[in-house]
Amino acid sequence: MYYLSKIVWFAFEPSTFLSLAALAGLLLAPRCPLARRIGILAVLGLLIAGLSPLGTLMLRPLEERFPPYQDDGKPVV
């Protein structure tokens, strides 16, 4: 079960999923017009996720959730 979960997560990880969808769209595009659309959407998703500041904008609320640590010399409890 452990290895199966690792394989499934690898396939459904967002970057891997978009890469596999783009590859499938590229390979199946001559036969199926829907595959071409899926491939184009996958490539656009990779470009948006990889080249835009989307990741930073999504991480900012998580990083600013707690105030930064202030070292006042007291032991941490």
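A residue is called buried when its relative accessible area is under 20%, exposed when it is over 50%, and partly exposed in between. The exercises below concern a predicted model.

**Exercise 1.** Determine which residues of helix α3 are buried, and on which side of the helix they lie.

*Solution.* Step 1: Helix α3 comprises residues 33–51, 19 residues in total. From its first C-alpha to its last it reaches 27 Å, close to the 27 Å expected at 1.5 Å a residue. Step 2: The buried residues of α3 are Ala35, Gly39 and Ala42. Step 3: These residues cover an arc of only 65° around the axis, and therefore they lie on the same side of α3. Step 4: The face turned away from this buried side carries the exposed residues Pro33, Leu34, Arg37, Leu41 and Leu51. Step 5: Helix α2 (14–28) is included in what covers the buried residues of α3.

**Exercise 2.** Describe how helices α1 and α2 pack.

*Solution.* Step 1: The axes of α1 (residues 2–12) and α2 are 5 Å apart, at an angle of about 65°. Step 2: Angles of 65 to 115 degrees count as roughly perpendicular, so α1 and α2 are roughly perpendicular to each other. Step 3: Helix α1 contributes Trp9, Phe10, Ala11 and Phe12 to the contact, while α2 contributes Pro14, Thr16, Phe17 and Leu20. Step 4: Of the residues in this contact, seven are nonpolar, one is polar and none is charged.

**Exercise 3.** Classify Gly55 as buried, partly exposed or exposed.

*Solution.* Step 1: Gly55 belongs to helix α4 (residues 54–63). Step 2: Its relative accessibility is 36%, so Gly55 counts as partly exposed.

Key
Residues are numbered from 1 along each chain as its sequence is written. This is a predicted model: local features need pLDDT of at least 70, side-chain atom pairs count only at pLDDT 80 or more; totals for chains, interfaces and linings use all residues. Side-chain values use heavy atoms; hydrogens and water are left out. Helices (H or I, at least four residues) and strands (E, at least two) are DSSP runs, numbered from the N terminus. Buried means under 20% relative accessible area, exposed over 50%, partly exposed in between (1.4 Å probe, protein chains only). The expected span of a helix is 1.5 Å times one less than its number of residues. The arc is that of the directions from the helix axis to the C-beta atoms. Contact means heavy atoms within 4.5 Å. Axes are lines fitted to C-alpha atoms, for helices over the stretch in contact, and angles run from 0 to 180 degrees between N-to-C directions. Angles under 35 degrees count as roughly parallel, over 145 as roughly antiparallel, 65 to 115 as roughly perpendicular and the rest as oblique. Ala, Val, Leu, Ile, Met, Phe, Trp, Tyr, Cys and Pro count as nonpolar, Asp, Glu, Lys and Arg as charged, and the others, Gly among them, as polar.
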